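Look over the sequence and the fold first, then read on.

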Amino acid sequence: MGLAAHGPELTPLVAQIENAVEAAFNVGSDQNLKQQAFDYLNQLRADPQGWQVCTTLFTRSQRPSEVVRLFCLEVVNYAIYTQGLDRNSLSWLKDNLLEYVRNIYGQNLQDQVDPSHLQNKLSQTLTYLFVFLYNDGWESFIDDFLAIASSPNNTAGVVLYLRIIGSVHDEIADMLLTRNSNDAKRNTDLKDQLRERDVQKIAQSWKDLLAQYSGQSDVIVEMILKVIGKWISWMDISLIVNQEMLNLLLPVVGRTNRSGSEDKVRDAAIDTLTEIVGKKMRGPEKMELISFLNLRDIVAQLIASAPLSELKSTPQYDTDLAEAVAKLVNTVMADIVRALEDGQASEDTRAKSEQHLHDFLPFLLRFFSDEYDEVCSTVIPSLTDLLTLLRKVGANLPASYKEMLPPILNAIIMKMRYDETSNWGDEDEQTDEAEFQELRKRLQVLQKTVAAVDQELYIDVLSNLVSQTFTTLDQQGSQMDWRDLDLALHEMYLFGELALPNQGLGTKSQPSSTATERLTIMVTKMVESGIANFPHPAILLQYMEICVRYWQVFDARQEYIPQVLENFVRLVHHDHVRIKTRSWYLFQRFVKFLRAQVGNVAETVIQSISDLLPIKAEVSESNGDDDMSSDESDHSADALFTSQLYLFEAIGCIASTGSTPADKQAYYARLVLNPLFSDMESHLPKAKANDAQAILQIHHIILALGRLAHGFSDWQPGSTSVQNRPPPDKLVSDEFSRAAEAILIALSELNNSTDIRTACRASFSKLLGVLGSAVLPQLPQWIEGFLSQSSSKDEMAIFLRLLDQIVFGFKTEIYNVLNMLLTPLLQRIFAGLSEPVTGTDDEIQLGELRREYLSFLLVILNNELQSVFISEANQGFFESLINSVITLGRTLVAENIGPSRLAFSVLARMVVVWGGPDCAKIAENPEAPSGSPNPTIPGFDRFMIDRFHPLCWEVFQDPNFRPHNDAQSKQVLNEIAGLEQAIYLKTGEMFIQHLHSSLFPHLGIDGSDFLRSMSTSTDRKGFSSYLQGLLKSRR
């Protein structure tokens, strides 16, 4: 573009710039015109002379619009920082802008002064010039602007001067900004030069201006205070902390405002005091500073002032002031604790620190206990520091420290209480509720620290709180404030961390025996208190949560179980949706933990809650995208049903206790199953006609059948865990065989529904626990349903994982069933593997199906069921099976070659199970192979060499195979090494001859190193490393 710096030819250019800026930033501009304008302005910004035109345009007496002037300064700033302007250019710019400032701001021409946003931008431009010229070219920078500010009654000049001083700090001293090392060094040099030349003048100017404008202009006083707060961190503190300055500052800190209305200037003065106190210095000096500033009296007077005392608990309470003073207290307290932590501190310093600590602790607790959580949160950091200090001091806590703990703990506990204005459960207050729960978590951390410092105090205070609360409940009944009850129950819930650290009484991390005894007393008192009848929902929820959390207490004190069960049966019928849904889950947990003790009332309980079991599926109108803020606020039909499922599981738990005879268990199962069967039968015709509600109803019934089964037994095939009970008696299994048949009918009739297939799969895995080996005769039907034309690759993979479990769990009984269904099963899987891939998700699902298919083959081979592959029923499919594994072995998908590794594992396992006895050895000093191969399948020795061995070398040719820099490839190479060694063990000399006649000549090697590594690497990793080196040398 090549712009000239001056001359008459500038006029059309200036007009062009004005027009372009107006067009670019006008909301109503045509889009094409806007784009052209932006392109032109970007060109102007990059042009080496563009900044000069923009400077002229900004300072012109006939001013363009504000948006044009703002853009002009943007261009100038960009040029200063990115175009490396020379000294002459910077000087020209300095002269023009200083002349402009003197003309406009030096004479206090209020009607011509720039608006605030332009003043800020201009201050930034002048600051950039300061950075480049202060040490060389504009040494009088501070003097020039101070002179403008000093002219009589020049408020405009003062405001600009303060803006510039603030901007200079932000540019060279703001610790929140990260800078490169060159900029950091430059900024350090500038601060040194300022301290040497101008800081004293600047500090004096603040005094003069404070003296002049206090009581005259709050705007200017506030600006001065904020600038002092910025600069204090890197200037000599004595320039601020002196009697003259304090005489100006403190009256502003203490100025009174009885109305309670906001006073920004006073708050800024307190913030400035906080910055002064927060300045980094050694502990002894800081303790002296706190004394010199007389902060104890200042804070005491502020707390006693009307806005923080008389107006407390009224709408006029000044929360901004409270937060400002709390911040000051937090800063002071943190410094006191830091001084006390210093092991090198002198006795005198320690004594002063101790005194300050005792002076400021009441202030800290005053703000910590403030009804406004923002104020409380402001002092949590220093309270945390203090408690951490006390914890470090340890068991021999001096009396002066020990007496601090009760007021601290009491303050923490009272802060845990809902305040008087809160309305639990209100839709409008969900955000407040979430914030309060977050605060409770922070308070809990503080409370745990107190417990760590003085466990005895913690136990006593919490025990007394709970005991007194239940006494008050006895006296006041339902008239008692629910907030007090909620607090006691919340503390009871937290108390468990001391009484049962690993969620069990007397587990390896030994809990406090005193705490355990007190907890037992608390829980029994709670049950006896009748609190379960209290009308407020929050209390009922807490009651149930505590019963479940401390179920071990009921295990030890079984006489209380009937009362709690009775309460649960009542509460699961509660009208409040949040109580209802949560109680269904908690009821299930309670009876699961105490199933051994509740068998005697099984029938009563089942009958009592039977009215809650009918399923009413509701088709949701939403598209599922609704963002629920939490599970607790989700009262949709789906959420209700998810909770209802816990009732079915609870009934299974109660009905299947060890003391309940098998015929009774079967009877209880029938009580629940029969209505579900009838319901499913009545909805099936509509569901087959694609009625959405009927399909959803059947989906829900299938899930309920599975959850009932899971309640009866959570055993899984192959599980040896003592936690899981074995499958129940045949009488019970027979009942659930009927459930399985009902589900199979639904799976067959509604197979095109993904939701139905998903529900069936979930329930099938749970039915395994009650059916045991009785599931085996039904397996063909399950496979028919789960591996249908409708099933996705993902569904097939998930079902294969279940089949792995069944094969492993029933390996001694499954052969006949597996023999019958293997070929049709593999045909279904092959169909899934051969489907075309569409998109990334499909690619991932295909990888998963490949992996699960190969894992399934491995499970069969590893559990001595390999003869099923070559039985009369399946031998016709053997060749296809081998081909599929070889194909997957050579399929190296760049991002996922895990299936290839598994394929080589399958081939190696086949070599082991069908290769016959070893005719070679792998040892550090091996003997020559002796004897001939004798595979269990005739001809398998030659088959291994001709089919399995070439695959290894085919993979080596693949560019995706990079074992030197890819971990997955290295794992595949390890399996290949294992396969080659396995073939050698089974075929011996035959394999060596083959290598000599085909592989070694092809590789151009004599093969001696290859054979030595293969026959001596007792750990296949050694042979794998050799192969990796061989591969690397050939690429």
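What percentage of the 1035 residues of the protein chain count as buried? The figure is 54%. Keep in mind that this is a predicted model.

**Fold and overall shape**
- The protein chain holds 46 helices and zero strands.
- Its radius of gyration is 41 Å, well over the 31 Å that the globule rule gives for 1035 residues, so the protein chain is more spread out than a compact globule.
- Along the principal axes, the C-alpha atoms of the protein chain fill a box of roughly 110 × 90 × 70 Å.

**Contacts, surface and charge**
- Among contacts in the protein chain with a separation of 6 or more, 75% join residues 24 or more positions apart.
- The protein chain carries 90 positive and 133 negative charges.

**Domains**
- Domain 1 covers 258–419 + 431–453, and domain 2 covers 678–790.
- Domain 3 spans 817–890, and domain 4 spans 912–1033.
- Between the C-alpha centres of domain 1 and domain 3 the distance is 69 Å.

**A residue to look up: Asp 297**
- Asp 297 sits in helix 15, which runs over residues 295–304.
- With a relative accessible area of 27%, Asp 297 is partly exposed, because buried means under 20% and exposed over 50%.
- Asp 297 and Asp 359 are 62 residues apart in sequence. In space, C-alpha to C-alpha, Asp 297 and Asp 359 are 9.6 Å apart.

Definitions and conventions: Residues are numbered from 1 along each chain as its sequence is written. This is a predicted model: local features need pLDDT of at least 70, side-chain atom pairs count only at pLDDT 80 or more; totals for chains, interfaces and linings use all residues. Side-chain values use heavy atoms; hydrogens and water are left out. Helices (H or I, at least four residues) and strands (E, at least two) are DSSP runs, numbered from the N terminus. The radius of gyration is taken over C-alpha atoms; the globule rule is 2.2 Å times the number of residues to the power 0.38. Buried means under 20% relative accessible area, exposed over 50%, partly exposed in between (1.4 Å probe, protein chains only). Contact means heavy atoms within 4.5 Å. Lys and Arg count as positive and Asp and Glu as negative; His and the chain ends are not counted. The place of a charge is taken as NZ of Lys, CZ of Arg, CG of Asp or CD of Glu. Domain bounds come from an automatic or database domain assignment.
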